[in-house]
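Here are some notes for anyone opening this one for the first time. Keep the viewer at hand and go through the points in order.

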2 protein chains.
Amino acid sequence: METKFTFAKTLIREAGSFIRSEMTENLKIEEKTRFDDLVTNLDKNAQELLIAKIKTAYPEDNVMAEENGVRHPITDGHVWILDPIDGTVNFIVQRENFAVMIAYYEDGVGRFGLIYDVMNDVLYAGGGRFDVYANDKKLFSYRDKPFNRCLIGANSSMYAENIHGIRDLSRQTLGVRVYGGAGISMSHVMSGRLLAYFSYIQPWDYAAAFIMGEKLGYRLLTLDGQKPDFKSRQMVMFVPEQKLKAIQQFIK
Amino acid sequence: METKFTFAKTLIREAGSFIRSEMTENLKIEEKTRFDDLVTNLDKNAQELLIAKIKTAYPEDNVMAEENGVRHPITDGHVWILDPIDGTVNFIVQRENFAVMIAYYEDGVGRFGLIYDVMNDVLYAGGGRFDVYANDKKLFSYRDKPFNRCLIGANSSMYAENIHGIRDLSRQTLGVRVYGGAGISMSHVMSGRLLAYFSYIQPWDYAAAFIMGEKLGYRLLTLDGQKPDFKSRQMVMFVPEQKLKAIQQFIK
């Protein structure tokens with residue numbers, strides 16, 4: 001497991017370097033389901049790079065990934081879950097605030113997760129048997145603070161429409177932040193900049209944070225408090241275990 | 001003017017260093033008008049530092065500043081407008097994503113403005129006779145893009161409640177970002193990461209961006225299209241001049 005974790009840390013930085021070096025050229029942007037659901041040639045090429053290296057190193061392992069319908073089920077054997085560029089809109093418009101994410105599961109059990117904030121060059125990695133680090137800084141487990149000294153992160157529409165009470169919860173806090181990427185937002189939760197994060201996302205958006213969060217005292221749950229299915233897009237929250245009951249007074 | 005601009009650039013970095021060095025200690029946090037309107041001892045001390053240095057260098061000059069009711073009118077003589085920590089909530093909770101801001105006006109005419117992103121160590125400075133730089137990188141004037149390749153920044157409540165049509169506008173774009181500080185948000189507009197910014201803010205929140213923006217093709221206007229009054233808290237927008245008419249089809 002140690003070897004695989006080391007492999008993953010090297011791999012994700014390689015993917016980040018690849019994206020940084022290719023980002024200067026004009027991006028080929030395509031619409032997926034609608035005008036604001038975008039993919040670029042770099043999302044696809046970075047995913048190809050990740051899959052090729054995993055398949056070379058571990059030919060028996062399987063992959064679930066965002067692009068091109070790569071969908072091996074998480075519960076079946078050794079599965080790498082990949083999001084080559086999380087926060088594609090930020091990537092396209094801002095050229096920052098996006099992440100590469102990798103999670104590794106064995107028969108549905110999370111072994112380690114990685115979120116790489118590419119432009120800030122910060123790698124969040126750990127979970128399972130491994131402590132969680134942001135580069136060489138070990139992250140502390142969640143330490144409790146009152147709502148009125150915290151911020152929450154959320155999907156903008158779910159906040160605006162008060163889905164499941166997200167806006168009600170935000171009113172107990174110092175407010176909401178919308179950063180536009182699950183990976184970046186959940187890394188802010190793990191580093192204490194946000195108390196919690198609420199969004200409507202896919203397995204590859206939450207698989208890495210799910211594993212690292214567990215190690216730090218956070219839980220990744222659907223908004224009705226269940227384990228997510230790792231199959232479909234769901235409304236989920238990434239919250240401190242210690243604060244779960246207090247949060248569930250608002251998030252119903 | 002050259003000397004004053006150089007003085008201001010040195011001064012704002014000094015204030016930033018002061019904040020960074022004092023930030024490690026426990027902050028004394030006070031509520032101003034309500035539980036989420038906060039001020040810390042460092043906001044006040046940084047403002048005192050700024051005022052003391054300005055008064056020593058330019059004893060005849062006057063000051064308008066956020067804390068302690070320092071409110072010299074912008075139209076009367078040589079006036080420095082100061083926001084010692086813009087984004088106080090981010091400062092308290094995140095220890096990043098806040099700015100020091102300085103603007104300098106002569107009889108109501110903006111001569112230069114400065115926004116210092118303290119933790120990223122990026123100084124946006126210029127306007128009037130001076131080109132606008134982000135550290136040593138000259139910023140380009142606004143270059144047009146279609147709405148569907150842009151993001152907007154906004155105050156979360158104004159977005160959620162569709163005040164003056166902000167949410168309608170956001171639906172034409174790739175979405176909204178909420179960063180929680182006028183200075184940081186308007187620096188993102190000037191560097192092209194956001195198309196525009198909408199908030200409900202005070203003169204010291206917009207005075208610097210007003211001057212720099214003018215130089216880069218942006219305008220700081222009230223949501224009904226007027227020049228702000230530089231006296232009271234108003235709902236304002238920071239938008240590309242070239243896009244003003246298109247934006248005003250939604251922002252009414």
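The points below start with the pair of chains, then go through a sheet in chain A and a sheet with its helices in chain B.

1. A word on the source before anything else: this is a predicted model. Please read each point below with that in mind.

2. Start with the two copies. Turn chain B by 180 degrees, with a shift of 0.0 Å along the axis, and it can be laid on chain A with an RMSD of 0.0 Å. That is how a two-fold axis relates two copies. Both copies also use the same surface, since 100% of the contact residues of chain B recur in chain A.

3. Now the sheet in chain A. It is an open sheet of 7 strands, in the order S3-S4-S5-S6-S7-S8-S9, with mixed pairing. Which strands stand at its edges? They are S3 (62-65) and S9 (137-138) of chain A; each has a single partner strand, so one side of each is left without a neighbour in the sheet.

4. One place to look is Trp80(A), whose bridge partner in S5(A) is Tyr104(A). As a reminder, strands of a sheet pair through backbone hydrogen bonds, either parallel or antiparallel.

5. S7(A) and S8(A) pair in the antiparallel sense over 3 bridges, and Gly127(A) has Phe130(A) as its bridge partner in S8(A). This hairpin has 2 residues between its strands, and Gly128(A) takes a positive phi near 65 degrees. S8(A) then pairs with S9(A), again antiparallel, over 2 bridges, and Tyr133(A) stands opposite Lys138(A) in S9(A). The hairpin of S8(A) and S9(A) has 2 residues between the strands too, with a positive phi of about 50 degrees at Asn135(A) in the turn.

6. What lies across this sheet? Helix H1 of chain A (residues 2-22) does: it lies across S4, S5, S6 (109-117), S7 (122-127) and S8 (130-134) of chain A, and runs at about 25 degrees to S6(A).

7. While you are in chain A, have a look at Gln47(A), which sits in helix H2 (residues 41-57). Is Gln47(A) buried or exposed? It is buried, with a relative accessible area of 0%. Apart from neighbours within four places in sequence, Gln47(A) is in contact with Ala65(A), Glu66(A), Glu67(A), Asn68(A), Val70(A) and Pro84(A).

8. Over to chain B, where 5 strands form an open sheet with mixed pairing, in the order S11-S10-S12-S14-S13. The edges belong to S11 (176-177) and S13 (218-222) of chain B, each with a single partner strand, so one side of each lacks a neighbour in the sheet. S13(B) and S14(B), residues 234-240, are antiparallel and share 5 bridges; there, Leu221(B) stands opposite Met237(B).

9. Two helices of chain B lie across S12, S13 and S14. H6(B), residues 182-190, runs at about 160 degrees to S12(B), while H7(B), residues 203-216, runs at about 145 degrees to S13(B). Each is followed by a glycine with a positive phi: Gly192(B), near 85 degrees, after H6(B), and Gly217(B), near 95 degrees, after H7(B).

10. How many residues of H6(B) are buried? The count is 9 of the 9, so H6(B) is largely enclosed by the rest of the structure. Take Ser185(B) in this helix: at 2% relative accessibility, Ser185(B) counts as buried. Leaving out neighbours within four places in sequence, Ser185(B) is in contact with Tyr179(B), Leu194(B) and Tyr197(B). Ser185(B) and Phe238(B) are 53 residues apart in sequence, with 9.7 Å between their C-alpha atoms.

11. Last, H7(B). Its 14 residues reach 20 Å from first C-alpha to last, close to the 20 Å expected at 1.5 Å a residue. Where does H7(B) bend? The bend is at Phe210(B), by about 30 degrees. H7(B) is mostly covered, with 12 of its 14 residues buried; among them are Trp204(B), Tyr206(B), Phe210(B) and Leu216(B).

How values were computed: Residues numbered from 1 in each chain as written. Chains lettered and ligands numbered in written order. Predicted model: local features only at pLDDT ≥ 70, side-chain atom pairs only at ≥ 80, totals over all residues. Heavy atoms only, no water. Least-squares fit on C-alpha atoms with pLDDT ≥ 70 in both. Contact = heavy atoms within 4.5 Å. Pairing = 2+ DSSP bridges. Helix = DSSP H or I, 4+ residues; strand = E, 2+ residues; numbered from the N terminus. Axes fitted to C-alpha atoms, helices over the stretch in contact; angles between N-to-C directions. Expected span 1.5 Å × (residues − 1). Bend = angle between axes of the 7 residues up to and from the residue. Buried < 20%, exposed > 50% of the residue type's maximum accessible area, 1.4 Å probe, protein only.
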